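Please read the following report alongside the sequence and the coordinates.

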Amino acid sequence: ADLVKQLMTFSRKSRMVKTSIDVNRLIQEVGKLIKSTFDRKIEFSIQGTPIDSKISGDINQLHQVLLNMCFNARDALMDVADDPDRKLAIVISASEIQITERLIEAELRSGYFVCITVSDTGKGISPDVVKHIFEPFFTTKEVGSGTGLGLSTAFGIIRQHDGWITVYSEPGIGTTFRIYLPTSRDELQHLSSGLTDETVLPRGNELILLVDDEPMIRRIGQTMLEKLGYRVAVAGNGKEALELHQRMPQEYGLILLDLSMPIMSGREFLEQCKSLPHRPKIIVSSGISTNTLGADLLSMVDGFVTKPYRLVDLAKTVRNVLDVRN
């Protein structure tokens, strides 16, 4: 009965009706529908602690957006379902976040947001496809399997809610969508009271090698690290990073490493590091959640930071890794 009720609601064409929405309940309702209808081979989970802030929006439209993300994730997983070594998983999580000028990427604006994340361990999306993924009628599915309107509709709905969607994917590893929705005005004071004052963030003066092929990400990361007192060198891929490290093997306190890069990827860099006489401390930065990266990769690094960077997460992770004795 619940399934039929939701499907009938989604099929109606109606104007947006905004109400105060409990994000935890929104995710639980979507999860209930997924567990009832998706192939049992797919492991579905909701992670993270419940959040207190509420958002203002149309509950039916936001249901539609999250379900569309999960449908796409399911399709990506079914394409690799025959791989016996592949874990088929979809993970949804939510967090409260303050976006500042130092964290802004693409069209994100500063303010207080709830970030809903949908990650999968599917086949991933190539960079050429990612560029067009929110365009109307763009689809990579076979004729009759998709209209190309799902993600463009989701994009439009989130824009109507004064929010944004970002996507990060690594071919062969998986995809993560992040939906940013502004918190309700009456929740802003509560959320801001829990934010960490920048003046008390852990700091340092070590030399850090920041490795990322995106110039904007390098600039943001370098600005954040320098604000925390660190000295920063940059590289655009794993090959450049390896050459810099080999010239001064004991100078770098740690390496902040992206995974998806041309010429030499972060994964290839990690393999090269196994044979180095002076193995550096390494923090991996990725838009893919740790649940989809795999235990084998995480075992080769000393820490993990999600992109886009949050100053508080970056400060704490870097300091924690640097303070651990070899």
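The sections below go from the whole chain to single residues.

## Basis and confidence

This is a predicted model, in which local features need pLDDT of at least 70 and side-chain atom pairs count only at pLDDT 80 or more, while totals for chains, interfaces and linings use all residues. Residues are numbered from 1 along each chain as its sequence is written, and side-chain values use heavy atoms, with hydrogens and water left out.

The predictor's confidence in each residue, pLDDT, runs from 0 to 100. The protein chain has an average pLDDT of 81, and 81% of the residues score at least 70. Over residues 186-197 pLDDT stays under 50, and the model has 18 contacts beyond four places in sequence for them; a contact means heavy atoms within 4.5 Å. Where pLDDT is low, the predicted coordinates should not be read in detail.

## Overall make-up

The protein chain has twelve helices and twelve strands. These elements are DSSP runs numbered from the N terminus (helices: H or I, at least four residues; strands: E, at least two).

Of the 326 residues in the chain, 49% are buried. Buried means under 20% relative accessible area, exposed over 50%, and partly exposed in between (1.4 Å probe, protein chains only). Among contacts between residues at least 6 apart in sequence, 73% join residues at least 24 apart.

## Serine 169

Serine 169 is found in strand β6 (residues 164-170). Its relative accessible area is 12%, so serine 169 is buried. Leaving aside neighbours within four places in sequence, serine 169 is in contact with Gly124, Ile125, Gly174, Thr175 and Ile288.

The whole structure has two cavities of 30 Å³ or more. A cavity is a set of points, on a 1 Å grid over the protein atoms alone, where a 1.4 Å probe fits but cannot get out; lining residues have an atom within 4 Å of a point. Grid points are joined across faces, edges and corners, and a volume is the space filled by probe spheres set on the points.

The second largest cavity holds about 30 Å³ of space. Its lining consists of Leu26, Leu62, Val65, Leu66, Ile116, Ile158, Ile179 and Leu181. The elements giving two or more residues to this lining are α3 (59-78) and β7 (174-182), and α3 supplies the largest share, three residues.

## Cysteines

How many disulfides does a search of the whole structure find? The search finds zero disulfides, a disulfide being a pair of cysteine sulfur atoms within 2.5 Å. Cysteine 70 is buried because its relative accessibility is 0%, and cysteine 273 is buried at 2%.

## Positive phi angles

Aspartate 162 is not a glycine, yet has a positive phi of about 65°. Aspartate 162 is in the loop between α5 (150-160) and β6, and is partly exposed at 44% relative accessibility.

Isoleucine 263, also not a glycine, has a positive phi of about 65°. Isoleucine 263 lies in the loop between β10 (252-258) and α9 (266-273). With a relative accessible area of 66%, isoleucine 263 is exposed.

Key:
1 Å grid on protein atoms, 1.4 Å probe; cavity = no way out; pocket = protein on both sides within 12 Å on 5 of 7 lines; lining within 4 Å.
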